[in-house]
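Me: I'd like a close look at one part of this model, the place where two chains meet. Here is what I'm working from.

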Amino acid sequence: MTITNLTTMGESEEELRDKIRAQLERIGENIPDMCYQCGKCTSGCEAMKLLELEPHNIMAMVKTGFIEELINSEIIWTCVTCFKCKERCPQKVAPVEVLFLLKNQAVAQGKEIPVNLSNMFQNVLTQGVVQMPLETRTRAGEGVKREDLNLPELQLPKDPAKFQNVLMKLAMEEV
Amino acid sequence: MAKYAFYPGCIVSTEQYGYEISARRVLSELGIELEELEGSSCCGAPLRHVNLNLTQYLSARNIALADEMGLDILVLCPNCHLALRDAKQKMEGKEVRSRISEELKGEDLTYQGNENIYHILEIFYDNIDEIKKRVVKPIELKGAAHYGCHLLRPSETGGVDNPENPSKMEEILKVIGAKTDRYPERLNCCGGPIYFHKPDAALSMAGDKIAALQGKFDFLATVCPYGQRMYDSKQEQAGKSIGQELGFPVFYLTQLIGMALGIDGKELGLDLNLSPIEKALSTLMAESTVPDPDDEPE
């Protein structure tokens, strides 16, 4: 799970870099140019030990404009979104938020994304929730449905057509 | 009497039923009234990876529904809690506000953002004296706490406690009679958010934490459906992924408070926990903790 190292022969994608910068400013986050590579994010990163995510490295690449390498890499999908990097950055840079934008960019470019995420997206779009109520089981192995437990009916959007229209429109728009 | 718009969130209401049942039961026991957040949808947190517009819209629409009811929102899931608070914060920005408000018209909704968003841990903490007064069966065991990342960080948005050294869960555990302690792995992530696309890594993360707790504590308490899913529902697989036999009781904090208040286990969904909670329960039953006045030595 390494980033394809094309940086030595790659060219900085300034347009994409500026786009990510503009998006960060719009959502009220500092741009990676503020990062001074102290590595505090990486030292506490929950995805570093097992999945080799190095947030400070990602910041350096975004800062330099090597965005395509990142968007094409599986590495951006390893972030567990624990938000420790954002909490601890002395420069108030938020690698987790930059990773969200890189993932959003990968989706916008039609790259392959983890199948569970595209399924969830489809489910929310069509039903309003990530999944319909599942049958779970008790410790004794008996199947249990939501209705067996006297819980009220699951809440869903009242007008699914209107709900879907808005979401479809927003999904097409740039962040 | 306090009253809230109840927002359990997708994972709780479609899978982690034990949390929803015990939360409803315990809140009603404490005299807190709930109304369903009618017409609500996913908070949008899982779609942050796909498109931030969708997250912002979905959270804003749920807040708008609470605006209509004129009630603060009570949330069970830390991930929903962060998404809603984040969206509310972003709606303070003019550009976001006008863009999202325009889209909300498509569902005939108006955003006001007058209502607060609370996680159930905040509600319990605010009612800690009331809980203390009502304890009839103290949980005389040693428990560890798992908060859930999104309940603590980013502290400027969603955080309900000190992001590096929280204490609210521990204080509640003490009030219901349990012993507790901090432990080095306390703030570690459960792996939940990447479980479906990186299952091995996620299960190892969950397994490592449980392995560290075994032998040092009697149980783990959670307030997060992702954490409970990993530590309880998937504990067996987590053990396999790290090559260790795991058998450690994991409860929702709501279930523990419920037991301490004397509520029957069935009403707290205890049969839905898949970890071997009998280990903890049998100790509790054996050391019957409410002294019967007739048994008092003369």
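Which residue of chain A forms a salt bridge with B:Glu38, and how far apart are the closest N and O atoms?

Reply: The partner is A:Lys158: its salt bridge with B:Glu38 has the closest N and O atoms 3.2 Å apart. Here a salt bridge means a side-chain nitrogen of Lys or Arg within 4 Å of a carboxyl oxygen of Asp or Glu. Bear in mind that this is a predicted model, where local features need pLDDT of at least 70 and side-chain atom pairs count only at pLDDT 80 or more, while totals for chains, interfaces and linings use all residues. Residues are numbered from 1 along each chain as its sequence is written, chains are lettered from A and ligands numbered from 1 in the order in which they are written, and side-chain values use heavy atoms, with hydrogens and water left out.

That pair belongs to a set of 9 salt bridges across the interface of chain A and chain B. On the chain A side, α3 (48–51), α6 (84–88), α7 (95–108), α8 (115–127), β1 (136–137) and α9 (160–172) each bring at least two residues to the face that touches chain B. Those helices (H or I, at least four residues) and strands (E, at least two) are DSSP runs numbered from the N terminus. The biggest giver is α9(A), with 7 residues. Sorted by class, this side of chain A has 36 nonpolar, 9 polar and 19 charged residues; Ala, Val, Leu, Ile, Met, Phe, Trp, Tyr, Cys and Pro go down as nonpolar, Asp, Glu, Lys and Arg as charged, and the others, Gly among them, as polar.

For the overall tally, 64 residues of chain A and 65 residues of chain B take part in the contact (heavy atoms within 4.5 Å). Together the two chains bury about 5,900 Å², with 61% of it on carbon and sulfur atoms; that is accessible area (1.4 Å probe) lost on putting the two parts together, summed over both.

In chain A, A:Asn150 has a positive phi near 60° although it isn't glycine, and it sits in the loop between β2 (143–144) and α9. A:Asn150 counts as exposed because its relative accessibility is 72% (exposed is over 50%, buried under 20%, partly exposed in between; 1.4 Å probe, protein chains only). B:Asp108 also has a positive phi, near 55°, is found in the loop between α5 (94–104) and β4 (117–119) of chain B, and is exposed at 54% relative accessible area.

By contrast, B:Glu122 in helix α6 (residues 120–126) of chain B is buried, at 12% relative accessibility. One polar atom of the B:Glu122 side chain lies 2.7 Å from the backbone nitrogen of B:His119. Beyond neighbours within four places in sequence, B:Glu122 touches B:His81, B:Arg85, B:Ile117 and B:Val160.

One for your geometry checks: the peptide bond joining B:Arg153 and B:Pro154 is cis, with omega about -10°. B:Pro154 is in the loop between α8 (149–152) and α9 (168–175) of chain B.

Conventions. Polar contact = N/O pair within 3.5 Å; in protein donor to acceptor, adjacent residues only side chain to side chain.
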